Amino acid sequence: MLGFSISSLDITIMEARNFITAREMIEENNWILTTLNGEPRYQKPPLPTWLTAFSALLFGAKNLFALRLPAVLMVIVTGISSYLLSKKLTDNTSQSLINALITVSSLYVVVIIIEAPWDIFTHGFMLFGIYALFQIFESKTVNWKLVIIAGTAIGLSILSKGPISFYALLLPFLISYGITYHFKGIKKKILPLFIILILSFSIGASWYAYIRIADSEAFVAIANRETANWSSYNVKPIYYYWSFFTQSGLWTIPAFVSLLYPYLRTRVPNIKAYGFSFYWTIFAVILLSVIPEKKSRYLMPVLIPLAINTGFYIDYLIRNFKTLKLKESFIVYFNFGLIGLIGIGVPIYGLIVLNEMNDFNWLIFSLDAIILLCLGILIFISLYRREMKRLFLSTIALYIALLALGVPYLKVLKNPNYKNVSQLKQEVESKALKLYGYGHIAPETIWYYDDKISNIVYSDSTYNLPLDKEFALIASKVYPDTDSTLNKNYTLKYISEYDMNSAQPDTRAHKSRLLNKYYILTKK
């Protein structure tokens, strides 16, 4: 699903921060006291960045696939964990596989790899820890191997992004388990649970404790800034997450139906397991909703129990679709008919859009289009025959094909003005100059430039002017042309523009922070 296309997608701001920190780990040995553009970067724990750096050392520091590989592997871990947990919940291999496939094909589980790479690590490790924890709760005896696995996995989750997953995934799991399974025999497991708690926090807090001692001033300043963001940054109303099920992408409608508890509870063979996944999903949304700071990507952990919940509905359809009356089956025809139309429509749309392009292989496109068309047609055939299992697997196959075969064509549709700052480094070095930044420089710019870019002026108008008689300057959003201090001391010469936006100009997706202007300043 991701192996052929993941390197075709542009680097995002969150990824760039991770990749720069990984690069500075390798080049400057900053493995513990992590940095971003040479400055302390303690906002996030380092485990995902360590794994990214190790992958870069193995496969190449500038290999985008290598840098994204650890996050892709964590999607696999998440899918396997979903399968294993579902198997313990339902004792149904077929339904467990359905749950796992829904999990790894949910929209934001894939998007999170590039939008916020830390998240898939923290939730992937936590889900594996929950799988071990569930077995501990259900077992009459204590399995100390599972205790170690649970404590270690939860600790690695904390070492990936702090207590985020502890709150968003583990806590609602514990609440829903208490409601449905009632923690039977819990008194006999107080000691192993205490050991899990100690082990997980020892692992998870180890880096924080070291940083607090080794670089206390920077750590406290960053911690205060991050804490303030929880109540003052990206504040949204409590109902902001009401449409959380849409984050599952092509499973949006089945996910919504699976949340109709009175409807589905009488149609599933395992009411207790269904109730557990339902409450886990709902309480995860409630807990996230009470936090003032909200972003769409914060809902990613909700998609894990939601995938299990959706699996109950898909399993019901596999068992009963052939005999359902039109009134109940209409939603199935609508949902999967729409997906089938996407399979047929995307190649046709691609043909129209790409018809004016010359720089891509028409033979490869034709083969890709045939595959997508065949899968779209297969979905309609499966609908006509009411073969729900084949319909489900055809949908998964279409999703894989769209990502593996369709995403690489995004390169063809790039902004005609696209110009990467990776070219700028050669130009600056050829003139024996050093490049500085004017104000905030986007992490993507720093990553592609492949070197640190020191600021000469900060947001509080504090100047840090270089000693160089002549130097290069790059700026975005705010430009130095009208800066009285610089114009008084330097002659400013505008050279060129570097637009790193893939999106077309004058569109909402075109970001001003990726539009950089390049100057040369000479001291008067």
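**Helix packing in the predicted model**

Helix H16 passes helix H17 in a left-handed crossing (left-handed if the near helix is turned anticlockwise from the far one by less than a right angle, right-handed if clockwise). The model is predicted, with local features requiring pLDDT of at least 70 and side-chain atom pairs pLDDT 80 or more, while totals for chains, interfaces and linings use all residues. Residues are numbered from 1 along each chain as its sequence is written, and side-chain values use heavy atoms, without hydrogens and water. Helices are DSSP runs (H or I, at least four residues) numbered from the N terminus.

The axes of H16 and H17 come within 9 Å and cross at roughly 165° (lines fitted to C-alpha atoms over the stretch in contact, with angles from 0 to 180 degrees between N-to-C directions). H16 is therefore roughly antiparallel to H17 (over 145 degrees; under 35 is roughly parallel, 65 to 115 roughly perpendicular and the rest oblique). Residues in contact (heavy atoms within 4.5 Å) include Asp-368 and Leu-375 of H16 and Arg-390 and Leu-398 of H17.

For H8 (residues 164-180) and H13 (residues 271-289), the axes come within 8 Å and cross at roughly 140°; the two helices are therefore oblique to each other. Their crossing is right-handed, and the contact includes Tyr-167 and Phe-173 of H8 and Phe-276 and Trp-280 of H13.

In H15, a kink of about 30° lies at Gly-345, shortly before Pro-347 (the angle between axes fitted to the seven residues ending there and the seven starting there). Buried residues of H15 include Phe-336, Gly-343 and Pro-347 (under 20% relative accessible area, 1.4 Å probe, protein chains only). Their cover includes H11, H14, H16 and H17.

Methods
Buried means under 20% relative accessible area, exposed over 50%, partly exposed in between (1.4 Å probe, protein chains only).
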